Amino acid sequence: MSEQEPVRIPKNVLEELESVRRYTRAEVLDIPTIRHVAMERGKTALVVWIDEHEQEYGRGLLNGFRAED
């Protein structure tokens, strides 16, 4: 995997991330904020994924996200 490629994440996590982005109407750059909004919105798969993949989340903000095949 190249450092410039989109980060692959589970489809349900990507859907939850897009839902949180639409809700906040912005890119959420800091992890505490996205975790808080995700918890408020009941997006627990996103919270668990971020907790286990903080570096990938940061890279995904730069390079984008893509659902795993």
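Author: Helices here are DSSP runs of H or I with at least four residues, strands are runs of E with at least two, and both are numbered from the N terminus. This is a predicted model, where local features need pLDDT of at least 70, side-chain atom pairs count only at pLDDT 80 or more, and totals for chains, interfaces and linings use all residues. Residues are numbered from 1 along each chain as its sequence is written, and side-chain values use heavy atoms, leaving out hydrogens and water.

Reader: Thanks! In what order do the elements of the protein run from the N terminus on?

Author: The protein holds 4 helices and 2 strands. Read from the N terminus on, their order is β-α-α-α-α-β.

Reader: Which residues of helix 3 are buried?

Author: Buried means under 20% relative accessible area, with a 1.4 Å probe and protein chains only. By that cut-off, 33% of the 69 residues of the protein are buried. In helix 3, residues 44–52, they are Leu 46, Val 47, Trp 49 and Ile 50.

Reader: What covers the buried residues of helix 3?

Author: Contact here means heavy atoms within 4.5 Å. The cover includes strand 1 (7–9), helix 1 (11–24), helix 2 (31–40), helix 4 (54–63) and strand 2 (65–67).

Reader: How far apart do the centres of the positive and negative side chains lie?

Author: Lys and Arg count as positive, Asp and Glu as negative, while His and the chain ends are not counted. Each charge is placed at NZ of Lys, CZ of Arg, CG of Asp or CD of Glu. With 10 positive and 14 negative side chains in the protein, the two centres are separated by 7 Å.

Methods. Buried means under 20% relative accessible area, exposed over 50%, partly exposed in between (1.4 Å probe, protein chains only).
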